[in-house]
Amino acid sequence: MAEADNTKQESRIFEPPASLVQQATISGMPAYQALCQEAERDYEGFWGRLANETLEWHKPFTKVLDESKAPFYQWFNDGELNVSYNCLDRNLKNGNADKAAILFEADGGEVTRVTYRDLYERVCRLANGLKSLGIKKGDRVVIYMPMSVEGIAAMQACARIGATHSVVFGGFSAKSLQERINDAGAVAVITADEQQRGGKQLPLKAIVDEAISLGGCESIRNVIVYRRTGGNIGFTEGRDLWLHELVANQPTDCEPEWVNAEHPLFILYTSGSTGKPKGVQHSSGGYLLWTALTMKWTFDIKPQDIFWCTADIGWVTGHSYITYGPLAVGATQIVFEGIPTYPNAGRFWDMIARHKATIFYTAPTAIRSLIKAADADANVHPSKYDLSSLRILGSVGEPINPEAWMWYYRNVGQERCPIVDTFWQTETGGHMITPLPGATPMVPGSCTLPLPGIMAAIVDETGHDLPNGQGGILVVKRPWPSMIRTIWNDPERFKKSYFPEEFGGKLYLAGDGAIRNKDTGYFTITGRIDDVLNVSGHRMGTMEIESALVAHPLVAEAAVVGKPDETTGEAICAFVVLKRARPSGDEAKQIAKELRDWVAKEIGPIAKPKELRFGDNLPKTRSGKIMRRLLRVLAKGEEITQDISTLENPAILDQLKQAQ
């Protein structure tokens, strides 16, 4: 844990532009402080007011927060609403019917404009189609889709009929998909024949078939297939059906299913420090409230804005800031199928220029890869494109290093766009700590201050507050509406993971280390405190990758750590002991490739180790505990200066220095 104040090293402060401050939803620091004080003064009153002002309720709530079963907090739990109604019907009623909801740009550059009325009709037809299959309120539906209007419509259709969706990122393997189908007890999978990425067709339906064939998926009654590429796929009679045939003759209206505010809107699986993925369960009312509020506060969204979040709907960022948040506030957004470097690394800048995007929200990994590309080829440098439409930039997924922040600020924002460096998690539902574009002075690399109503703090291992300038553990002291409700089917793991007894069962444990600047009180995230890696903004448990490696017939033992990487933030480094002699030379390279491909098949390509190192054993204490701190030092290529007197086999360290 950091002891020094590493935010002191960054002394540059950038004020928000005066023109933006004047027009901003939260205008200036006094307005931010007034909201914080309102929350401090009357916590329930603050959230109750916002819930009434922001959402349309079918049955108004009378109770804001129920803490009687803490930490299983409930918000607005005697109120009823429908999430899809709040995102679509409200926009038809308030004059947005013909406004563009989505500007969809396909991998090949084709653009489709979808109005709020178009989207409403698509969602209603699909919702009616799902109902015709007997899918009803409370059923779980797995969505394994490419980035598409159909993917967003599938999520909204589930919300409309009260089915709980679980979206699985299209890069996950058949085994990962099977685990999630089983855990959720899903009755249907909505997928596509293939997905199109970077000019390539990648299978989806074939992976669904493989997942179901692995067993334990008996709950699945239907597989609904969106025809994206027209590729050849297998079809199981009686189970599989085409999406276009399912919706062909369905009515374009569908009465929403009114649900309790606490009804599970979705389950999203995230990696934990143990091997089994955690099904993070989110509510309907509290979650939607926060996605809408953060669209207004963090992105200062205005009716004329063109908003672009580059995430995939398979991650929480795509849930909150593509499928739900922008539609809940009647925004026009760009939705993109593809990768930032195809057909060339100027794709993002070209799209901003063509669509006149005003708010751009992407990940540090993408920024760093585009810095490299611009250094290598002046033709794809942001300065070659007209980015004058931009007014706000955002960063998401991991802390952004100050150098990348400055490049983004100067070259993309042209030193006039505030950068909202957003800290949040799958479990929090929306932004927690972030600058506000019309209020907060920005410091490169710092996510600055918590949003109003978010009681963030830094504590030691016993849960006691630490002074500013001292690194510790990030916690949230009070529940908030969009927080995780439980881990699906595992309430004990929920309590242990997020409200551990060593913190009195009262503090939400974020799992990240952080430090606050002595002078400003600004937060800087210092990294995970558990065995979870953050690769390109995607969280993966080391245990999950280790389990996959050990499942390979050649592997006796494996340990996985993270190492800094200038593009992905963190890279996966695996230390492996084989069941046979330690390989060297070409044989080591060949086995390393085989193990990488194996991990990609078991979990997904994003989990492939960047480095593999082979040893006769792993560095262990005499009691048999793997000394991971030494592996982290080796992974970084640093010299070991720590005491290794408790190490049983010091000679192993030299073997493990060589990477494949």
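## Aromatic pairs

Across the whole structure, a search finds 40 aromatic pairs (rings of Phe, Tyr and Trp, the last by its six-membered ring, with centres within 6.5 Å; planes under 30 degrees apart count as stacked, over 60 as edge-to-face and the rest as tilted). This is a predicted model, in which local features need pLDDT of at least 70 and side-chain atom pairs count only at pLDDT 80 or more, while totals for chains, interfaces and linings use all residues. Residues are numbered from 1 along each chain as its sequence is written, and side-chain values use heavy atoms, with hydrogens and water left out.

## Trp-47 and Trp-75

The ring centres of Trp-47 and Trp-75 are 6.1 Å apart and the planes stand at 75 degrees, so this pair is edge-to-face. Because Trp-47 lies in helix 3 (residues 43-54) and Trp-75 in strand 2 (residues 74-75), the pair ties together parts that are 28 residues apart in sequence. Helices (H or I, at least four residues) and strands (E, at least two) are DSSP runs, numbered from the N terminus.

Trp-47 and Trp-75 are both buried (under 20% relative accessible area, with a 1.4 Å probe and protein chains only). They belong to one aromatic cluster together with Tyr-43, Phe-46, Trp-57, Phe-61, Phe-76, Trp-290 and Trp-297.

## Phe-494 and Phe-499

With ring centres 5.8 Å apart and planes at 55 degrees, Phe-494 and Phe-499 form a tilted pair. Phe-494 is buried at a relative accessible area of 0%, and Phe-499 is buried at 4%.

## Charges over rings

The charged end of Arg-180 sits over the ring of Phe-172, 4.6 Å from its centre (NZ of Lys or CZ of Arg within 6 Å of the ring centre and within 35 degrees of the ring normal). Arg-227 places its charged end over the ring of Trp-242, at 4.2 Å from the ring centre.

Definitions and conventions
Buried means under 20% relative accessible area, exposed over 50%, partly exposed in between (1.4 Å probe, protein chains only).
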